[in-house]
Amino acid sequence: MSSDARAAHLADHFPDAEAQLHAARLGMWIFLATEILLFAGIFIGYTFYRSLYPLAFREGSAHLDQTLGTVNTLVLITSSFTVAIAVSLARAERGRLAAATLGLTILLGAAFLAVKAFEYAHKLEEGALPGRYFRLDHAAPGANVFFTVYWLSTSLHAIHVTAGLGVLAWMAWRCWRTEFSSEYFVPIENAGLYWHLVDLVWIFLFPLLYLA
Amino acid sequence: MTPHSSSLKHYVVSWLSLLLLTALTVAAASLPHGPWSIPIALAIATAKAALVLFVFMHLLEHPPAVRLVLATSLVFVGLMILFVQLDVTRRFPLARPTDPGHVTDDSFRAAFDD
């Protein structure tokens with residue numbers, strides 16, 4: 001059974017399962033590197049505009065809801081923890097338990113997005129919007145630039161969370177069908193890596209936007 | 001699989017450390033703001049990122065080429081941020097829009113056009 005599954009998953013152009021695993025991992029990390037560079041563009045924008053408008057950035061930061069930001073950080077970190085456990089469980093061939101753990105991860109990810117949506121609704125209402133749509137009173141010059149960076153970075157991140165939720169749901173289904181084993185686990189491992197990257201980005205966004 | 005129970009322990013310890021470091025960075029942010037505020041926040045974030053990379057993402061168990069890919073991307077991110085920072089802090093003062101008011105597309109363009 002196990003060797004059949006392995007044979008089925010081993011592509012013709014790889015000499016053995018180990019070579020295939022190495023190629024898959026390297027490919028995934030190259031993709032993660034491109035994701036890091038994508039978000040780097042936003043971090044560079046942040047560096048640039050923060051140097052130009054230091055006061056506006058500190059006021060903007062103080063304006064954000066630190067409690068909601070902290071709660072979301074704890075939620076996302078916990079989801080990273082549960083996805084790591086799910087990958088271990090899938091590799092240990094405990095498919096049903098892995099699927100349940102992924103279900104918990106998906107709930108945490110959805111909670112993150114719900115808090116984010118609540119925050120966005122409040123910002124929309126008070127007019128803490130990017131660029132020319134900004135209409136907060138008594139704001140320091142350049143405050144609209146802070147909110148441009150805030151909306152761009154958090155929405156790009158939220159798009160990644162949403163995509164990650166889709167991938168995790170797909171993996172939960174495959175775990176439930178016990179498709180993974182100690183020999184074949186590339187899809188679930190890569191899904192986990194993607195989710196961890198989303199967490200990594202937030203680990204840097206949180207202090208820079210909410211605390212600094 | 002054998003590594004499961006030992007890696008579970010590592011996961012739990014890392015998770016608790018991540019929660020603790022989050023509490024630490026929030027506590028540090030409540031101190032009066034100074035020149036060290038951002039470096040401290042970034043140092044804590046880097047420690048958290050290291051936990052995620054080395055424990056949750058098993059960076060050291062993956063093929064060495066993976067570390068090369070990650071290091072290359074981080075070096076280039078560092079270079080980009082360094083040079084942008086050098087440019088913006090050493091720029092000729094008149095080239096900086098010091099008071100853009102509420103920057104509109106027009107005023108922003110005007111600040112850079114001449």
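Three helices of chain A, namely H2 (17-52), H6 (143-176) and H7 (186-211), each put at least two residues into the lining of the largest cavity in this predicted model. Helices here are DSSP runs (H or I, at least four residues), numbered from the N terminus. A cavity is a set of points on a 1 Å grid over the protein atoms alone where a 1.4 Å probe fits but cannot get out, and lining residues have an atom within 4 Å of a point. The largest cavity holds about 30 Å³ of space, a volume being the space filled by probe spheres set on the points, which are joined across faces, edges and corners. Its lining consists of A:Ile42, A:Phe43, A:Tyr46, A:Val149, A:Ser153, A:Leu205, A:Leu208 and A:Leu209. Seven of these are nonpolar, one is polar and none is charged (Ala, Val, Leu, Ile, Met, Phe, Trp, Tyr, Cys and Pro count as nonpolar, Asp, Glu, Lys and Arg as charged, and the others, Gly among them, as polar).

Then there is the largest pocket (an open set of points with protein on both sides within 12 Å along at least five of seven lines), with about 880 Å³ of space. Its lining draws at least two residues from each of H2, H3 (54-63) and H7 of chain A and from each of H2 (37-56) and H3 (64-89) of chain B. H2(A) gives the most, eight residues. Of the 30 lining residues, A:Phe43, A:Phe204, B:Leu42, B:Val77 and B:Ile81 lie nearest the pocket centre. By class, 22 are nonpolar, six polar and two charged.

Residues are numbered from 1 along each chain as its sequence is written, and chains are lettered from A in the order in which they are written. Totals for linings use all residues, whereas local features need pLDDT of at least 70 and side-chain atom pairs pLDDT 80 or more, and side-chain values use heavy atoms, with hydrogens and water left out.
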